[in-house]
Amino acid sequence: MTVLGFLLQKEFRQIRRDTTILRIMFALPVIQLIVFPLAMDFDVKSVNISIVDQDHSTYSQKLISKIASSGYFKIVGAETSFKKSLTYIENGEVDLVMEIPAGFERNLVREGVQKIGISVDAINGTKAGISGQYLNSIIADFNANMDVNVKTSAMSQQGIINITFTNWFNPRAEYKYNIVPAILVLLLTMIGGFVTALNIVREKEVGTIEQINVTPIKKWEFILGKLIPFWIIGMIVFTLGLTISWLVYGIVPVGSFLTLYAFAAVYLVALLGFGLLISTYSDNQVQAMFVAFFFIMIFILMSGFFTSTDGMPGWAKVISNMTPVAHFVKTDRMIILKGSSFNDVKQEFLYLVAFAGVLNGWAIWNYRKTN
Amino acid sequence: MEDNKAIVCKDLTKQFGDFYAVNKISFEVLKGEIFGFLGANGAGKTTAMRILCGLSFPSSGTATVAGFDVYKQQEKIKKSIGYMSQKFSLYENLTVLENIEFYGGVYGVSRKEIKTRSEELVQTLGLESEAKKLVGALPLGWKQKLAFSVAIFHKPQIVFLDEPTGGVDPVTRRQFWDMIYEAAATGITIFVTTHYMDEAEYCNRISVMVDGKVEALDSPANLKKEFNADSMDEVFYQLARGAKRSGD
């Protein structure tokens, strides 16, 4: 136990002296939490639209002004030919072209039916989908509010189902509620996965690990000597992250702090084990960096950070569940936004404990003082 | 095993695939002896030394260090030895005192003893004004002397030195060997590799490795007689010129 004391003392001294790493570790939560949620906003606000009005009627004007006043669209150019408007899409100046054909008003009034053509630039799939939906709902609203005398008797007599939405746990469906908890997980992932791996591999590169291996230090002492300092730093960074979420976004965990910290603690042990494992397989920092980067990319893209895992095909869900990150991203959101209790997420806790056990066990097994 | 032997090696072999880095070497090192372990680059010195330090498993043969088996009791060996590797291996971002404290502590020296002995050590090394400076800022010669002092700080039975004077000026080398003699006088067995033949003359006995085998083993005086040579340089040249392996 005294040997562990000396190891910890040495490690903290070194961490304190490596001011670059130390500064980055503390700048990380501040920058990620302040920049990402503001920058990564999936709410589509200004869609450039070009309207080709070949009808020039009262109705077409009404529709156009409704679109303009919705706040989501910016009308760019009013061309008379569809072809001309399409070149705007090709040039990327416009996201959407709506064509109001000649006879729009007449057909609406006489026959009660009229088709409108909408062409969307689908290079950015999300934006295309959302802006198409906006336009659809504006037109649907326009439809519903048309003068009764325009509608055919069949239409006015039809019962219409009105749908109203209530967003639970994130009433205004704001993106920050989705991303802020995820960034907290990302912070722990970076510290656990990268910093530890690089720290141990640097000892290999410099040659001090050989000096350690020739001493009677026990394997578990060496490994705990590396895990404990970074675990402490990780928990401080996590706390800092929670403070920033509260100060900047007013996000305070609805669930219990105890449950949240229990998850963060075990998750961090699992990720530290992952970093350790990488370090036992790498000979230099470049290797360790690449391997860690490779896995952390998979973790981030597959674990529901940005996209929901619910939409994934079956095989992808299997991969997703094999990353410790997915389990914490999910429960972290549940605890912070929904206020889930420990009982609700017990299963996920066991998963994380298993990950922590396996990754650390594997790392200790693979770390050899004699080879 | 006889009591006056610090290291006993018999047919010790380390094989990588079909390459014999160390090929059936046998020798004994007496307690309190300064034993020179010579050989050209790539002769297998470092590999042999790593086995004796418990850093590497041998492929076959037997060896005991301080009475402990190199196959099964590596951790016990590690308690009884000190090791100074070819690569400088103190922490450059720790101070002189912090390095001494760390390595002393790791070998189980009590904090109280570390304090008194490290003050003494800093004085004998003449590093009083550098004691609180980072080791990375020291000149190479001082680093090496400090590394040696750290390697014997916990009073091991045997200390292994792998080319301890590489890249160091002649004056510092001389001082370094004074330190080795002082350590030997306290009863520590010294096992040292070197490329400098003048240093070989300082040893009680030396062995010369060529292509993984020990080709000669005796006191420097006897070796010179045996090879009819004036200097150890010539002895080494006669032995090593037939070597097929060279370079690291």
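**Close-up views of a predicted two-chain model**

**View 1. The largest cavity holds about 120 Å³ of space.** The model shown here is predicted, so local features need pLDDT of at least 70 and side-chain atom pairs count only at pLDDT 80 or more, while totals for chains, interfaces and linings use all residues; side-chain values use heavy atoms, with hydrogens and water left out. Residues are numbered from 1 along each chain as its sequence is written, and chains are lettered from A and ligands numbered from 1 in the order in which they are written. One cavity of 30 Å³ or more is found in the structure. A cavity here is a set of points, on a 1 Å grid over the protein atoms alone, where a 1.4 Å probe fits but cannot get out. Grid points are joined across faces, edges and corners, and the volume is the space filled by probe spheres set on the points. Its lining (residues with an atom within 4 Å of a point) counts 17 residues, and Gln211(A), Tyr83(B), Ser89(B), Ala147(B) and Ala151(B) lie nearest the centre. Both β6 and α5 of chain B supply at least two lining residues each, and α5(B) gives the most, with four. Helices (H or I, at least four residues) and strands (E, at least two) are DSSP runs, numbered from the N terminus.

**View 2. Helix α5(B) lies across β6 and β7 (158–162) of chain B.** Contact means heavy atoms within 4.5 Å. The helix runs at about 165° to β6(B); axes are lines fitted to C-alpha atoms, for helices over the stretch in contact, and angles run from 0 to 180 degrees between N-to-C directions.

**View 3. Six strands of chain B form an open sheet with mixed pairing.** Follow the order β6-β7-β8-β3-β9-β10; two strands pair if DSSP finds at least two bridges between them. β6 and β10 (213–218) stand at the edges with a single partner strand each, so one side of each has no neighbour in the sheet. On average, neighbouring strands are turned by 15° against each other, direction ignored. Further in, β3 (residues 34–39) and β9 (residues 205–210) run parallel and are joined by five bridges. Look for Gly36(B), which stands opposite Ile206(B) in β9(B).

View 4. A salt bridge is a side-chain nitrogen of Lys or Arg within 4 Å of a carboxyl oxygen of Asp or Glu, and the whole structure has 25 of them over all chains. Here the N to O distance is 3.3 Å. Arg13(A) is buried at 16% relative accessible area, and Glu98(B) is buried at 10%; buried means under 20%, exposed over 50%, and partly exposed in between (1.4 Å probe, protein chains only).

View 5. Lys78(B) is buried at 0% relative accessibility, whereas Glu75(B) is partly exposed at 34%. In the other pair, the closest N and O atoms of Glu92(B) and Lys143(B) are 3.3 Å apart. Glu92(B) is partly exposed at 37%, while Lys143(B) is buried at 12%.

Key: 1 Å grid on protein atoms, 1.4 Å probe; cavity = no way out; pocket = protein on both sides within 12 Å on 5 of 7 lines; lining within 4 Å.
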